[in-house]
Amino acid sequence: MADGEQGRLMTLWYLARAAGVVTMVMFTLSAVLGMVMPGVRRPERRFWLQYVHRSAAVTGLVLLATHVVAVIADSYVDISPTVLVWPFGSGYRPFAMVIGVLALYSLVLASLVGAARGRLAVSQSFTKHWRKLHIAASVGWLLSIGHALLAGTDRSTPWMLGITLACLGAVATAGAYRLNNATPKTTRAWRTQ
Ligand code: HEM
């Protein structure tokens, strides 16, 4: 293979991996902001937190699409598009692929539900089930951390372990803040519509 061709292939491979790392960071940022938001009293601060929470999730989705398209398009490892419907058949780190695809499903579901929220807020039953459905985002985030720990070439390098542990630490800290600043359910309902 010519040097230029080899370089192009490696660029795609590096792009795939870099996009995977930034995807994980973006979903972590979105998760952290989503967890601290209910404890914030000032409306303008909540507005900005909500704005950045959503923007981080949308950026995460765009980067996730980049990650997936790049790992499939790249020929450094053989990953077929069918991995998205049947990840168990992947010849490359199948368990990690199953977790990654489940993370993708959960995060896409959570994003669709989040996007529909404003429009369907008038429906009482949707509002009632919204929180339960949004749990898909937390499940997806946790699965994406598991995927990163199992799938990546860089998974045992100090910098990658540092980023993954920082993501876990940030969400654990936000979770503790959320528990300490829990608002009674009755107050929460009107604040989130
Ligand atoms: C929310 C979902 C996902 C996130 C956050 C994510 C993130 C990551 C991260 C951080 C890595 C490690 C990169 C490195 O070590 O340099 C990685 C590796 C990988 N991911 Fe994903 N990923 C997700 C979903 C998927 C899906 C659905 C696929 C299947 C097409 C996939 C395929 C891969 C592959 C093949 C690798 C291995 C790259 C390597 O060996 O270095 N990922 N992913």
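Helices here are DSSP runs of H or I of at least four residues, and strands are E runs of at least two. By that count, residues 56-73 are 100% helix and 0% strand, and the end C-alpha atoms of this span lie 25 Å apart. The model is predicted. The protein comes to 6 helices and 0 strands.

**Overall fold**
- From the N terminus on, the elements run α-α-α-α-α-α.
- Of the 193 residues of the protein, 26% count as buried.
- Take the contacts between residues at least 6 apart in sequence: 68% of them join residues at least 24 apart.

**Annotated transmembrane regions**
- An unreviewed UniProt entry lists "transmembrane region" for residues 12-36, 56-73, 93-113, 133-153 and 159-179.
- The record's region 56-73 is 100% helix in the model.
- The record's region 93-113 is 95% helix and 0% strand in the model. The end C-alpha atoms of residues 93-113 lie 30 Å apart.

**Arg 93**
- Arg 93 sits in the loop between H2 and H3.
- UniProt's unreviewed entry includes residues 93-113 among its transmembrane regions.
- Phi of Arg 93 is near 40 degrees, a positive value in a residue other than glycine.
- Most residues other than glycine have a negative phi.
- Is Arg 93 buried, exposed or partly exposed? Arg 93 counts as partly exposed because it has 16 C-beta neighbours inside 10 Å. The buried class needs 20 or more, and the exposed class 12 or fewer.

**Helix H5**
- Helix H5 covers residues 158-180, 23 residues in all.
- The buried residues of H5 are Thr 164, Cys 167 and Val 171.
- UniProt's unreviewed entry lists residues 159-179 as a transmembrane region.

Conventions
Residues numbered from 1 in each chain as written. Predicted model: local features only at pLDDT ≥ 70, side-chain atom pairs only at ≥ 80, totals over all residues. UniProt positions renumbered as here; feature names shortened; annotations may be inferred. Expected span 1.5 Å × (residues − 1). Contact = placed C-beta atoms within 7 Å.
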